[in-house]
Amino acid sequence: MLDDFFFRALFATLAVALVAGPTGCVILWQRKAYFGDTMAHSALLGVVLGVILGLNPEAGVFGVAFLVAVAVVALQRVSRLAGDTILGVLAHSTLAIGLVAMALTENYQQYELTAYLFGDVLAVGREDLILIGSGALFGLAMLAAIWRSLVAATLHEGLAAAEGAKPLRNQLIYMALVAAVVAVGMQVVGALLVVALMIVPAAAARTLAHTPEQMALIAILFATLSGVLGLYGSLWLDTPAGPSIVTAAAFIFLGCLVFDAAAQQLSRSRGVRRSVAHAPEDDA
């Protein structure tokens, strides 16, 4: 008989998976995987500032992650540096500043560094569930509001702007969404692995989907399946829950790659046989 703490962990994981799947799809379409890592690296600084200011750690993570996202947009507009250079500087700088700030904080030993970096979903309480569930619903609402604009901007940003879309506004909203996913997903898989829960199921879905909406739905399915398999696997194997969830996602991704390669090989084989069958015979 499973205890209540496991079902709370399961609900929290499913809530995060529901919003992480489609959010990761947009990250892949816009080729911003390193941007997600930058947001995740800034999470530790958000935790420390939240503790110092007497705020909820998740609120601190959201605030810092969103400020970092705005800084990325601003620096890309005014600096001659490449985008990946800016992301690299901000990612490692915020992580280092967070570690220094944690060491300088008098009560830094009261919270476990590993819990924030790699998650502690089995310790989720009822109040945490409310926060995670409401954060996931808020993220889905934001994503639904700008979904068509994001897809259009991914295909052609200039055309989307000509049709009345506001790319900069939608980009800021989307960055706020990523910050929210990092904040609520931190307790499930940790700050360092939360981006993996967005990207890996979306990458697996990309091998099977034919439309953006299909990819988003399949990514939700794979993220959910990763959460369930990872949690039960951590229970049976006595392994950390967060890394177990991402490991399950990695195996699903590997399975999709093998299936896609086999399907392409079968399609090529059928095409060759069809060409041979319809080839004209040599004249006698």
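Me: In this predicted model, does Asp238 count as buried or exposed?
Reply: Asp238 sits in the loop between helix H11 (212-237) and helix H12 (241-277). The cut-off for an exposed residue is a relative accessible area over 50%, and Asp238 has a relative accessibility of 71%. Because this value passes that cut-off, Asp238 counts as exposed.

Me: What is the phi of Asp238 near?
Reply: Most residues other than glycine have a negative phi. Asp238 is a residue other than glycine, yet its phi is positive, and the value lies near 60°.

Me: Which helix holds Pro212, and does this residue count as buried, partly exposed or exposed?
Reply: The place of Pro212 is in helix H11. Its relative accessibility is 29%, and since buried means under 20% and exposed means over 50%, this value falls in between. Pro212, in helix H11, therefore counts as partly exposed.

Me: How many Å apart in space are Pro212 and Trp147, C-alpha to C-alpha?
Reply: Not counting residues up to four places away in sequence, Pro212 touches Trp29, Trp147 and Val151. Along the sequence, Pro212 and Trp147 are 65 residues apart, while in space the distance between them, taken from C-alpha to C-alpha, is 9.8 Å.

Me: Does Thr13 count as buried or exposed?
Reply: Thr13 belongs to helix H1, which covers residues 4-29. Its relative accessibility is 1%, and the cut-off for a buried residue is a value under 20%. Because 1% falls under that cut-off, Thr13 counts as buried.

Me: Which residue has the backbone oxygen that the side chain of Thr13 reaches?
Reply: When neighbours within four places in sequence are left aside, Thr13 is in contact with Val121, Val188, Gly227, Leu231 and Ile245. The side chain of Thr13 also reaches a backbone oxygen at 2.8 Å, and that oxygen belongs to Ala9.

Me: Which residues does Ala203 touch, not counting residues up to four places away in sequence?
Reply: Ala203 is part of helix H10, residues 194-206. Between Ala203 and Met215 there are 12 residues of separation in sequence, and their C-alpha atoms are 9.1 Å apart in space. With residues up to four places away in sequence not counted, the residues that Ala203 touches are Leu28 and Phe253.

Me: Which helix gives the largest share of the lining of the second largest pocket?
Reply: The space in this pocket is about 180 Å³, and its lining includes Asn56, Leu131, Phe138 and Val184. Helix H4 (57-78), helix H7 (126-155) and helix H9 (167-189) each supply at least two residues of that lining. The largest share is four residues, and these come from H7.

Me: How many charged residues are in the lining of the second largest pocket?
Reply: Glu58 is one of the residues that line this pocket, and Glu belongs to the charged class. By class, the lining has seven nonpolar and three polar residues, and the number of charged residues is one.

Technical notes. Residues numbered from 1 in each chain as written. Predicted model: local features only at pLDDT ≥ 70, side-chain atom pairs only at ≥ 80, totals over all residues. Heavy atoms only, no water. 1 Å grid on protein atoms, 1.4 Å probe; cavity = no way out; pocket = protein on both sides within 12 Å on 5 of 7 lines; lining within 4 Å. Points joined across faces, edges and corners; volume = space filled by probe spheres on them. Buried < 20%, exposed > 50% of the residue type's maximum accessible area, 1.4 Å probe, protein only. Polar contact = N/O pair within 3.5 Å; in protein donor to acceptor, adjacent residues only side chain to side chain. Contact = heavy atoms within 4.5 Å.
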